[in-house]
Structure formats: structure tokens, C-alpha cells
Amino acid sequence: MMARRARIVKTVDIHEAKTHLSRLIEAAVDGEPFIIAKGGKPLVKVEALETPTPVAPERLGFLASEFEIPDDFDTMGNDEILEQFGLDR
């Protein structure tokens, strides 16, 4: 049976935590959790979250072979639109 190593977790009082919060959080992210105490009584443990690596969404284009886009798609209906606004060519 393998022996587990006990990890010593730093305890800081609430005043010190407020004063050095940024530094303490950086240490927690680097694997050094800490406990915030008030009047010597432990209140909370702060440690880094283990977040999963984001998965990229599947690429668009799943309908690419289902229909064709005409070459003049960007200009389709221009004459009709201009006519409706009284801007005949």
C-alpha cells in the first residue's frame, strides 16, 4: 500500500487575505490552496478549479452538398428591387 503524503495548506487570516488576495489566488492557481480563517477559526478553503479543456464546436458546412448557390446570388433580384424603389436603370 502506498502512503499518501499529507499536504500542508497555508492558513491566512481574513485581513491578510483581503490585503494579498491577488497573490494568494495566483498561488492557488499554481497548485497551492489556502484556507481563510477568522479569529483562528477556518472559514473557507480556496483552491483552483479543474476545468475541462474546451472542445471546439463542429465546423459549419454540414449541408454543403445539399443545394447549390447560383453564381449571381449577390445580384439576384437587383432589377426588381431598383424598380420597386423607383430607381430603374
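User: Let's start with a pair. What stands opposite alanine 37?
Analyst: Proline 42 in β3 stands opposite alanine 37. Strands here are DSSP runs of E with at least two residues, helices are runs of H or I with at least four, and both are numbered from the N terminus.

User: Before we go on, what kind of model is this, and how are residues numbered?
Analyst: This is a predicted model, where local features need pLDDT of at least 70, side-chain atom pairs count only at pLDDT 80 or more, and totals for chains, interfaces and linings use all residues. Residues are numbered from 1 along each chain as its sequence is written, and side-chain values use heavy atoms, with hydrogens and water left out.

User: Back to the strands. How many bridges join β2 to β3?
Analyst: Five bridges join β2, residues 34-38, to β3, and the two strands run antiparallel. Strands pair if DSSP finds at least two bridges between them. The β2 and β3 hairpin has two residues between its strands, and glycine 39 takes a positive phi near 60° there.

User: And β1 with β2: parallel or antiparallel?
Analyst: Parallel, with four bridges joining β1, residues 10-13, to β2. Valine 12 has isoleucine 36 as its bridge partner in β2. Isoleucine 36 in turn has valine 44 as its partner in β3.

User: Is β2 enclosed or open?
Analyst: β2 is largely enclosed by the rest of the structure, because four of its five residues are buried. Buried means under 20% relative accessible area, exposed means over 50%, and partly exposed lies in between (1.4 Å probe, protein chains only).

User: So what about isoleucine 36, buried or exposed?
Analyst: Isoleucine 36 counts as buried because its relative accessibility is 12%.

User: Which residues does isoleucine 36 touch?
Analyst: Leaving out residues up to four places away in sequence, isoleucine 36 touches Val12, Ile14, Ala17, Lys41, Pro42, Leu43, Val44 and Val46. Contact means heavy atoms within 4.5 Å. The C-alpha atoms of isoleucine 36 and isoleucine 14 are separated by 5.7 Å, though these residues are 22 apart along the chain.

User: Which residues make up the largest nonpolar core?
Analyst: Six residues do: Val12, Ala17, Leu24, Ala28, Phe34 and Ile36. α2 (21-29) and β2 each supply at least two residues of this core. Such a core is a set of buried Ala, Val, Leu, Ile, Met, Phe, Trp, Tyr and Cys residues joined through side-chain atoms within 4.5 Å.

User: What is leucine 24 in contact with?
Analyst: Setting aside neighbours within four places in sequence, leucine 24 is in contact with Lys10, Val12, Glu16, Ala17 and Phe34.

User: Now β3. How does valine 44 count?
Analyst: Valine 44 counts as partly exposed because its relative accessibility is 42%. Beyond residues up to four places away in sequence, valine 44 touches Phe34, Ile35 and Ile36.

User: And leucine 43?
Analyst: Leucine 43 is also in strand β3. At 45% relative accessibility, leucine 43 counts as partly exposed. Apart from residues up to four places away in sequence, leucine 43 touches Ile36, Ala37 and Lys38. Its C-alpha atom and that of phenylalanine 85 are separated by 71 Å.

User: New topic. Where is leucine 60?
Analyst: Leucine 60 lies in the loop between β3 (41-46) and α3 (78-84). Leucine 60 counts as exposed because its relative accessibility is 77%.
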